Amino acid sequence: MEKNQENQNAGVTEKEAKATVVENPNLKIITLKSPLNIDGALFNEIKLDFGKMTGVDVLKIDEELKSEGYPDGFNSVANQQVCVRLASRASGILVDDLARLGIADFAEVTFSARNFFFE
């Protein structure tokens with residue numbers, strides 16, 4: 001009761017006092033050096049949300065790579081094919097669209113995907 005009274009005295013409602021801002025540690029926002037045009041929409045940033053991914057995503061990436069002639073599949077997070085597919089799943093942007101990024105932006109996106117596993 002005393003704590004509630006303090007909050008009211010400070011001009012803060014009880015609901016506001018209970019609300020906390022939680023940052024998503026699995027979200028990485030990359031500001032692009034050169035905007036990416038996808039179907040007429042310009043993207044100035046790419047949001048990689050690894051928190052929405054599951055083991056199913058990793059298994060699907062492994063299966064895709066093997067079916068496309070990459071026998072090692074997901075075995076190495078240093079492989080650019082693995083990294084770009086991770087970034088695609090985490091961002092919701094197609095691999096072909098990510099591949100059109102300028103080299104600096106592409107490297108930032110794929111290295112961020114790789115580095116997620118080492119943080």
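Predicted model: local features only at pLDDT ≥ 70, side-chain atom pairs only at ≥ 80, totals over all residues.

**Helix 4 and its surroundings**

Modeller: Directly after helix 4 comes Gly 92, with a positive phi near 80°. Helix 4 covers residues 80–91, twelve residues in all. From its first C-alpha to its last it reaches 16 Å, close to the 16 Å expected at 1.5 Å a residue. The N-terminal end of helix 4 is capped by Asn 79. In this cap, a side-chain oxygen of Asn 79 lies 2.6 Å from the backbone nitrogen of Gln 81.

Between these two ends, helix 4 is mostly covered, with nine of its twelve residues buried. The buried residues are Val 82, Cys 83, Val 84, Arg 85, Leu 86, Ala 87, Ser 88, Ala 90 and Ser 91. The cover over these buried residues includes strand 2 (41–49), helix 3 (55–67), helix 5 (95–98) and helix 6 (103–116). By comparison, 29% of the 119 residues of the protein count as buried.

When neighbours within four places in sequence are left aside, Ser 88 is in contact with Ile 93, Leu 94, Val 95 and Leu 98. Of the elements that cover helix 4, helix 5 spans residues 95–98, and the contacts of Ser 88 include Val 95 and Leu 98.

The wider setting is as follows. The protein has six helices and two strands, and from the N terminus on its elements run α-α-β-β-α-α-α-α. Among contacts between residues at least 6 apart in sequence, 53% join residues at least 24 apart.

Helix 6, which is among the elements covering helix 4, also contributes to the largest pocket, giving three residues, the largest share of its lining. This pocket has a volume of about 160 Å³. Its lining is made up of Pro 25, Asn 26, Leu 27, Lys 28, Phe 50, Ser 112, Asn 115, Phe 116 and Glu 119. Strand 1 and helix 6 are the elements that give two or more residues to this lining. By class, the lining has four nonpolar, three polar and two charged residues.

Two loop residues complete the picture. Asn 24 is found in the loop between helix 2 (14–18) and strand 1 (27–38). Asn 24 is classed as partly exposed because its relative accessible area is 34%, which lies between the cut-offs of 20% and 50%. Although Asn 24 and Asp 49 are 25 residues apart in sequence, their C-alpha atoms are 8.5 Å apart in space.

Asp 39 lies in the loop between strand 1 and strand 2. Asp 39 counts as exposed because its relative accessibility is 81%. Its phi, near 50°, is positive although the residue is not glycine. Most residues other than glycine have a negative phi.

Methods. Residues numbered from 1 in each chain as written. Heavy atoms only, no water. Helix = DSSP H or I, 4+ residues; strand = E, 2+ residues; numbered from the N terminus. Expected span 1.5 Å × (residues − 1). Buried < 20%, exposed > 50% of the residue type's maximum accessible area, 1.4 Å probe, protein only. Contact = heavy atoms within 4.5 Å. Polar contact = N/O pair within 3.5 Å; in protein donor to acceptor, adjacent residues only side chain to side chain. 1 Å grid on protein atoms, 1.4 Å probe; cavity = no way out; pocket = protein on both sides within 12 Å on 5 of 7 lines; lining within 4 Å. Points joined across faces, edges and corners; volume = space filled by probe spheres on them. Nonpolar A, V, L, I, M, F, W, Y, C, P; charged D, E, K, R; others polar.
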